[in-house]
Amino acid sequence: MSVRLILVGPPGAGKGTQADLLCESLGIPPISTGAIFRSHASSGDELGKMAESFTSRGELVPDSVTNKMVAARLAQPDAAGGFLLDGYPRNLPQVAALDAILEDAGTHVDAVLSLIADDDEVVQRLLGRAASEGRVDDTEDVIRHRIELYHGQTEPLLAVYRERGILVEVPGMGTIEEVAANVQSELKAFLSK
Ligand code: ADP
């Protein structure tokens, strides 16, 4: 199915997992800016080192870098028939950058899925993940800072997309399977409108 989606949600809401499940069923590639930064960081290249100097503090990587990286990724052939962006856009300037990228390509976003989760729950999940996976940006202070940034910088996007009539809100609490079912049913209901 050719569909262009954005998945938004607080850190720890399970975006990556839900992105992969949904993409599998729709046959579109998930594009996660966080995962791309982590893969550069683990290969130790310049972009990776630079990104990690921000991600390890829970700061956003500068827009100039992120926007260029996303533009290049969206120009890859596998994204021509649709995609799901996970973790991008994350602030209002990135919304404008994405609008420009897609306008140049003659396309647009079909739907923005917003996972609704509560702060206490996501902090607990992230601390659990920090213990098991040891991600450098998963210490308690850094986690709190990432959540603050989410409320301050990322949440304002929701109003923009709501205004455009493409925001789809999805209850994000519960098991992976429950949330995946919510994602599927809300998206299906929206796209068949
Ligand atoms: P989470 O969903 O747990 O917050 P991500 O994997 O989406 O984690 O992102 C990890 C980190 O990568 C972010 O905290 C941020 O530092 C950086 N990052 C990811 N996406 C962006 C973006 N769109 N703009 C700037 N920085 C980003």
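Reader: Where is the place of proline 89, and what makes the peptide bond from tyrosine 88 to proline 89 stand out?

Author: Proline 89 has its place in the loop between β3 and α5, where helices (H or I, at least four residues) and strands (E, at least two) are DSSP runs numbered from the N terminus. The peptide bond that leads from tyrosine 88 to proline 89 is cis, with omega near -5°. Most peptide bonds are trans. This is a predicted model, in which local features need pLDDT of at least 70 and side-chain atom pairs count only at pLDDT 80 or more, while totals for chains, interfaces and linings use all residues. Residues are numbered from 1 along each chain as its sequence is written, and side-chain values use heavy atoms, with hydrogens and water left out.

Reader: Why is glutamine 94 called buried?

Author: Glutamine 94, which lies in helix α5 (residues 92-104), has a relative accessibility of 3%. Buried means under 20% relative accessible area, exposed means over 50%, and partly exposed lies in between, with a 1.4 Å probe and protein chains only, so glutamine 94 counts as buried.

Reader: How do you know that the side chain of glutamine 94 makes a polar contact with the backbone nitrogen of arginine 90?

Author: A polar atom of that side chain lies 2.8 Å from the backbone nitrogen of arginine 90. A polar contact is a pair of N or O atoms within 3.5 Å; within protein, one must be able to donate a hydrogen and the other to accept it, and residues adjacent in sequence count only if both atoms are side-chain atoms.

Reader: Which residues is glutamine 94 in contact with, leaving aside its neighbours within four places in sequence?

Author: Contact means heavy atoms within 4.5 Å, and with those neighbours left aside glutamine 94 is in contact with Asp63, Thr66, Asn67, Tyr88 and Pro89. Asparagine 67, found in helix α4 (residues 63-74), touches Tyr88, Gln94, Ala97 and Ile101 when residues up to four places away in sequence are not counted. Asparagine 67 is also buried, because its relative accessible area is 15%.

Reader: Why is alanine 117 called buried?

Author: Alanine 117 lies in the loop between β4 and α6 (119-133), and its relative accessibility is 18%, so it counts as buried. Apart from neighbours within four places in sequence, alanine 117 is in contact with Pro10, Ala13, Val122 and Met173.

Reader: What puts the buried residues of α1 on the same side?

Author: The buried residues of α1 are Lys15, Gln18, Ala19, Leu22, Cys23 and Leu26. They cover an arc of only 125° around the axis, which puts them on the same side of α1; the arc is that of the directions from the helix axis to the C-beta atoms. An α-helix has 3.6 residues a turn, so residues three or four places apart point the same way. The buried residues of α1 pack against β1 (4-8), β2 (30-32), β3 (83-86), β4 (111-116) and α8 (176-191).

Reader: Which of the residues around the ligand come nearest?

Author: Lys15, Thr33, Arg38, Glu59 and Arg146 come nearest of the 20 residues around the ligand, where a residue is near a molecule or strand if one of its heavy atoms lies within 4 Å of it. An N or O atom in the side chain of lysine 15 is 2.7 Å from an oxygen atom of the ligand, and a polar side-chain atom of arginine 90 lies 2.9 Å from a ligand oxygen atom. Helix α2 (residues 33-43) gives the most to the shell around the ligand, with four residues.
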